[in-house]
Amino acid sequence: MSTVSAPYGLKPISLIGGQSFTGGTIREYLMTTNNAAAIFNGDLVQLGAAVAGQPTVVAATPTTSTAGIAGVCVGVRYQLAGQQLGYPLYAQYLPANAVTAGYTNIFIRVVEDPDQLYQVQSLGSVGYGSIGKTVALANFGGSTTTGNSTVAISATIANTNALACKIVDLVNSSSTFGGNFPSNPGDAYTDCIVKLNFGVHQYYQSAGTAN
């Protein structure tokens, strides 16, 4: 319901340009070093921010000069300390300091397509005049109850080349994520359809990761 502030992170919905979409191309990134912050469903994931090849949650809005943006987390899998089940547990999010807590075989599941479109809530009202403009991400964090990210887009819309996302469309629907609630353009906390701006995703950068 976009009349209520209830950010839910970045939710993959389709691909730009009418490309075939079957739920998103998911790549699993192995995590062997401790994560200082939890990684929630709907969070942006970055590779090599601190340790080469290691996924971490993005905790501030990226720009076109941010290296290693791999995509958006759509869940995790791991084994718990002392677990004798012989198979992984799939979960909505990974708690902070998971390695210290004894988690093993940790994989962060990431929708990695650079052409992915996402539904995301805005921190303010967005009208049709904002389509095609750019916007930063904000409200980083998540809920350990739902496992969902609280990432949203800023209420400040701009035409700045380096910002994280480009607004592609606005949701106009009788239902949206979380139940049968209306979502309309211009609502107080508009649900928007965005794409990572060109040059933000690592596959649209010539540079490698930071580490």
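**Charged pairs and a serine**

Tutor: Glutamate 112 forms a salt bridge with arginine 27, with their closest N and O atoms 2.7 Å apart; a salt bridge here is a side-chain nitrogen of Lys or Arg within 4 Å of a carboxyl oxygen of Asp or Glu. This is a predicted model, in which local features need pLDDT of at least 70 and side-chain atom pairs count only at pLDDT 80 or more, while totals for chains, interfaces and linings use all residues. Residues are numbered from 1 along each chain as its sequence is written, and side-chain values use heavy atoms, leaving out hydrogens and water.

Student: Is glutamate 112 buried or exposed?

Tutor: Glutamate 112 counts as buried because its relative accessibility is 7%, where buried means under 20% relative accessible area, exposed over 50%, and partly exposed in between (1.4 Å probe, protein chains only).

Student: Which salt bridges does glutamate 28 form?

Tutor: Glutamate 28 pairs with arginine 77, the closest N and O atoms being 2.8 Å apart, and with arginine 109, where that distance is 2.6 Å.

Student: New topic: what does the side chain of serine 149 touch by a polar contact?

Tutor: The side chain of serine 149 makes a polar contact of 2.7 Å with that of aspartate 43; such a contact is a pair of N or O atoms within 3.5 Å, and within protein one must be able to donate a hydrogen and the other to accept it, with residues adjacent in sequence counting only if both atoms are side-chain atoms. Serine 149 is buried, at 1% relative accessible area.
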